[in-house]
Structures are given as C-alpha cells and as structure tokens.
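Biologist: Please take a close look at one part of this model. I would like a single connected account of it.

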Amino acid sequence: MKQEMESWRRNLYILMVAQFMVMGAMTMIVPFLPLYLVEMGMTDPDQTQLWAGLIFGINFLSAFIMAPIWGTMADKYGRKIMVLRSGFGMGIVIFLTGLATSPIHLFLLRFLNGVISGFIPAATALVAAITPKEKSGYALGLLQSGAVAGSITGPFIGGALAELIGFRMIFFVTSFFVILATLVVLFAIREEVKPNPIAKENKGLLEGASIILKERPLLLLFSVGFILQFAMVGPMPQMSLFVSQLGAPGGYVAFFAGLVTAITGIANMTASPLLGRLGDRFSYQHVLFFAMLGAALFYIPHAFVTSIWQLLLLRFLLGLCVGGLLPSLNALVRHKAPAGMLSTVFGYSTSATFLGNMLGPITSGFLSGFIGIRGLFITAGLLLILGALWLRYGLKISKNRKEAPA
C-alpha cells in the first residue's frame, strides 16, 4: 500500500514538472504571434490584429472539437499514450511553425496544433486516474501550480530570447522543450491504472456522448467550467490597454502589464494546492462555490481602481481565489464521471473550458465598445456570482432528484 502511495506521488511530481516545461514553452511564443506576423512582412496594423486574432482563436476551435475524441481514445487505450501523442505532435507542429513564411501557413499550423493538442488535459486525466480519490483535490491543485508556474515564466523567457535570437528561433526552442517534457513522461511515468474494460466495450464517441448527456451533474459542471473561463479570460486581452489608461509608473506599460498577469499567476500557484487540500478535507463543491464568490468579490472592484498599485493588489487577491477554481472543478468532474469514462468526461469538460477561452475574449472585445474596459470587470464579476449560484442550486436539485423515490 505504501509503495502504491509513493508511486502516485512520484508520477504527480513528474507530471507537474512536465506541465511546467510545456506551459513555459508554449507561452514563450503565443504573446509574440502578432510580432511574428510583422516579421513575415505584414505592415497594415488592422490586418495584423485581424490575423493575430484568427490565428489565436483557431487553435481553441480545433482543440474544442477534438478534446472529446481524444478523451474517448484515452479511456480505451490508455492516458499516458495520449500525453505522448500530444507532446510529440505539438513538438513537430511548433517546429514547422518556425519555418512558416506566410499568415496562412501560421493559421493552418495553429489549427493543426489544436487538433493534436491536449497535453494538459491528458496529464490531468492521468493524475485523476492514478490518485486516491481522497487526495484528488491536492493532486490536481499541485498539477495546476506547475502549469501556472510555466505560464508565468514562459513570457519572460520568450521576451528575452526574442531579443537575443529573434522570433523565428523561439519556435525551435519551444519545440525542443515540449519534446523534452514528453520524453520525461515517456521514460519516467508508469501508468499502473490500466484502461477500464468497460471503456473498451463502448462503441465510440456517440455512445459515450449519449451516456454523458444523461448525467445532469456533469452537464452542470461543464456549464460552470464554460462560465469560469468565459468570465476570467474575457477581459484579459484588454488588460494592457487598461494599464496604459491607469498610467504605468515610468511609462513602462509592457512591464506592468506583464506584472499584472504574473502576480495573479503567482497567487494562483500558491493557493491551488492549499485549496485543493481544503476540498479533500471538506467539500470540493464548497471550495469551488466560495472561490467563485471570492473571485467575483475581487473582480468587480477592478472597475473602480485609480492606480496600478490598487490593480496589482486586487489581481493578487483574485489569484488566491482562482487557485480554487479549476482544481475543484476537475475534482468534482472526477467524482461524477461514470465508470470507465474518466478521460472521456475530462474531454468534454476541456471542450467547455476551451469554448469559454474562445468566446470570452471575442464577446468582451465586442462589449468593450459599449461598456468600456471597466464595465467588463463588473460583467465578469456578476457572471461569476451567477455561476456560483448555478453550481450550488443545480447540484442540490440533481441530488434531490437522485434521492427521490422512483
């Protein structure tokens, strides 16, 4: 028993490091896609912004479509092999992206990257499968800490490398680190939990979808995941403009815009394992509910700040609450998943969050013309409050229906 416990911890720590490497590598390139377009010869600022938006969004669109398919395959054939498929596939596509010579090349390669992506969801499903249920909140929180740490580190390293070796070379460096992280998983991770025989009996995606659509609690959790990402990611593209409006000290807009993002990530990284432990001890539902309310509590005052220092304080407090969102949601999804369908369920959950990642910035960009950036913060806060109430009363209704006599 002790050896089994040590095994899941060992795999958790290895996957946390792998996620750090992958997220660090991926975020080295994403912030610089518009500049890469300029390097390709695009000079019209409006065209550059249009292509940058399309290239950024198409990755989420293809990933949204493919996530349930890869999840179904993971349940049938194993979760580790899905991590390897995604890691090696992304490494090759990112290397090819460094050879792109036109916006259409970049667009098609980002679409392909979304098709074969899924390293983070596959690793999450693998950790959820190998971790004892009573430790799943802590494990998923720690895993998120690794990913967040990578997403904080990546842009800083990418910015430094861009100055030293240029944007094109960054793609080759990114490819190297993604493949290196995948090799770590290949040789260091042991998947003791084999695919469930029940999963192999399922006929395919449509049958899996029909089973999942009958599970009301899961549909509720998917909708909550969509709301979370829609609200949290929506205002982010506007943040650098907001920092500029507040007046960055010394005129260092880019630095303070990066700091605003980084300080939220640092708080998130710190709080995730702690709030995960609270979920293990008490209730994932309660942690998620109060984390959503807390995030709303600190999001709405963003609309009334008058200095960058006030914004930084609120972003840190927001990050502490964000640390309890996705780990608690993933732990609830793990507990509600039907037997033999864990990765399939995580695939649908990932699709819901990808949809929020895609539609949130688009909708916020449209709304900002009517309600301004400050109005976006209030809207996001109100969405989180509604999402928290939807979670609490939706799960309560589902529980009462389940307990009601037939």
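At what angle do H4 and helix H6 (residues 119-130) pack, and how far apart are their axes?

Modeller: This is a predicted model, in which local features need pLDDT of at least 70, side-chain atom pairs count only at pLDDT 80 or more, and totals for chains, interfaces and linings use all residues. Residues are numbered from 1 along each chain as its sequence is written, and side-chain values use heavy atoms, with hydrogens and water left out.

H4 and H6 pack at about 160°, their axes 8 Å apart. Helices here are DSSP runs of H or I, at least four residues, numbered from the N terminus. Axes are lines fitted to C-alpha atoms over the stretch in contact, and angles run from 0 to 180 degrees between N-to-C directions. The two helices are therefore roughly antiparallel, a term for angles over 145 degrees. On the H4 side, the contact (heavy atoms within 4.5 Å) involves Lys80, Met82, Val83, Ser86, Gly87 and Met90. Phe119, Ala122, Ala123 and Leu126 supply the H6 side. These residues divide into 7 nonpolar, 2 polar and 1 charged. Ala, Val, Leu, Ile, Met, Phe, Trp, Tyr, Cys and Pro count as nonpolar, Asp, Glu, Lys and Arg as charged, and the others, Gly among them, as polar.

H4 (residues 80-97) also packs against H3, at about 135° and with axes 8 Å apart. That makes H3 oblique to H4. Here Trp70, Met73, Ala74 and Tyr77 of H3 meet Ile81, Met82 and Arg85 of H4. This contact has 6 nonpolar residues, no polar ones and 1 charged. Just after H3, Gly78 has a positive phi of about 120°.

Conventions:
Angles under 35 degrees count as roughly parallel, over 145 as roughly antiparallel, 65 to 115 as roughly perpendicular and the rest as oblique.
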